[in-house]
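Hello,

I am passing on the structure we talked about, and I would be glad if you could look it over. My notes on it follow below.

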Amino acid sequence: MQFKRFDQTKPFIVLAIVFAAWMFLPFAAKRLARHAFFEFQAPIDVSAATIRTFQDYWAMRTRNPNDLIEAGQEIARLNSFYENKIREAKTLEGEIARLEALLNLPVFNEYRHEAARVVRRDYNAWWQRITIRKGRNYGITVGSPVIFAGGVVGRVSEVGLYTSVVDLLSSPGVRLSAVIETDGKHRPVNFQGRSSSAFSNATGSLEFVPLDIFIASGEAPRVVTSGLGGVFPPGLSLGVIRKLEPDSDGLFQSAEVSLDSRLASLMEVTVLVPLAPKEPPKGGAR
Amino acid sequence: MISLHRQPLVVIVCGILLWTITAQINHYLAVWHLNLFTGGLMVAHAALRFRSRVIWRITLPLGLWLDAASAVPFGMHAALFLLAGVIIHRVRGRTPRVDTASGVIAAVSANAILFVVIAIAFAIRGPVQTGVLFTLLVNLALSSAFVALIAPWYIALQTRALELAGINAHMQLGLSAHD
């Protein structure tokens, strides 16, 4: 009778021993195992993304040639516009560098722009992340900021040989320093991602919002990166304030930030790979 | 003896195929912030049919595979899959386990329980924000419907794959009879 009872509980005892052994397993061994499994998944993700690209290609082949001609003309117009903007940006960059050297201001990190295609999106109640088709083979490092046409996407959290995982701005674990742009002034705040409800837009939250910030009708204040902390360059768009609520202490407010709706359907992003910092110019101000 | 090694390998490959399909569907569902979970389906069929050692050999790698693809502490899915496997293995003697219908019921039940346990584990770890409960309920309903829909196909796929690998249904159940 006792033997039968032991036989019934044996699998659970073995399971408890395995759990205990797992808890005492060195962190390095777990990390190695995780990386090994991650690298095995990379070819599957990349192959699936390649098949999707082919599907899109063949879907486009069915389009009317007139549509393609119109799209080509539109792209030519945009190219011309952006070429002009690039020239303007280069002139302004030169001017900023000259003023920074003149005033002996700290220089912000410089980045290499690495465009990458999204191979997998994984958004659930607890995390929102994407997998991109570039990894260590393109020099991507953990913590690199990721941006797109609408502003900040998030931060690289895991890097494999051929793929990387990016934690989205809306992921609850993502926190960064931001500023509210209002009346030409920059008010520093803390930004944190928050889980999005199904069928709704991605959101974030702000802490320590000053009491004199309010939402004027039809003009929601914009939230951008502050550049403090050294990860994200300053001035990148995060979203707009949608709701303000006073904190329980009455000294500050909390805000809900509406993020760009395109975050849910990302296909192409740009990773800002930090370059080695330059030596500051000797001799101080010129 | 050979089938003891071949059996887990075939089922693991089928599990990876299921994960790939689910990941592709989740890629498109991300637009609506929805997500499917099919972990229960990976465990249930194996736990209903095979002997305990084979169940361990299947659930541990599949759990670790899911762990590497998610933002969870490494080993969480593996531990839950092992626990689910052991529990289903203990209770399977009291329920019909060979027919597809019982496999579907076991898969949907195991999937829902695993989904709820993972949600509770996350809720304990950090503050739960407004709207999460609604998202969880929608995801649970969608996942259950999806598992119920594809479970017959997945069970048939595993059975056929095992047959192609030289392990017929009789041999599968024959192995479990020694348990």
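How much area is buried between chain B and chain A? In this predicted model, the figure is about 4,100 Å², and carbon and sulfur atoms account for 66% of that area. On the chain B side, the residues that lose the most area to chain A are B:H27, B:H33 and B:F74, which together make up 18% of what that side buries. The contact draws on 45 residues of chain A and 45 residues of chain B.

Next, the polar side of this interface. The rule finds zero salt bridges between chain B and chain A. It does find 11 residue pairs in polar contact across the interface, with both residues at pLDDT 80 or more. Five helices of chain B, namely α1 (2-29), α3 (52-68), α4 (76-91), α5 (100-125) and α6 (132-164), each supply at least two residues of the side that touches chain A. The largest share of that side, eight residues, comes from α1(B). Sorted by class, the side of chain B that touches chain A has 30 nonpolar residues, 13 polar ones and two charged ones.

One barrel is closed by six strands of chain A in the order β1-β2-β5-β4-β3-β12, with antiparallel pairing. Ignoring direction, neighbouring strands of this sheet are turned by 45 degrees against each other on average. Within it, β2 (residues 128-132) of chain A pairs with β5 (residues 164-168) of chain A in the antiparallel sense over four bridges, and A:I130 stands opposite A:V166 in β5(A). Helix α2 (residues 27-61) of chain A packs on this sheet and touches β1 (111-123), β2, β4 (151-159) and β5 of chain A. The direction of α2(A) makes about 90 degrees with that of β1(A).

Another barrel of six strands in chain A closes in the order β6-β7-β8-β11-β10-β9, and here too the pairing is antiparallel. The twist from one strand to the next averages 40 degrees. Strands β10 (residues 237-246) and β11 (residues 253-259) of chain A run antiparallel and are joined by seven bridges. A residue pair to look up there is A:L244, which stands opposite A:A255 in β11(A).

I look forward to hearing what you think.

Best wishes

How values were computed
Residues numbered from 1 in each chain as written. Chains lettered and ligands numbered in written order. Predicted model: local features only at pLDDT ≥ 70, side-chain atom pairs only at ≥ 80, totals over all residues. Heavy atoms only, no water. Contact = heavy atoms within 4.5 Å. Buried area = accessible area lost by both parts, 1.4 Å probe. Salt bridge = Lys/Arg side-chain N within 4 Å of Asp/Glu carboxyl O. Polar contact = N/O pair within 3.5 Å; in protein donor to acceptor, adjacent residues only side chain to side chain. Nonpolar A, V, L, I, M, F, W, Y, C, P; charged D, E, K, R; others polar. Pairing = 2+ DSSP bridges. Axes fitted to C-alpha atoms, helices over the stretch in contact; angles between N-to-C directions.
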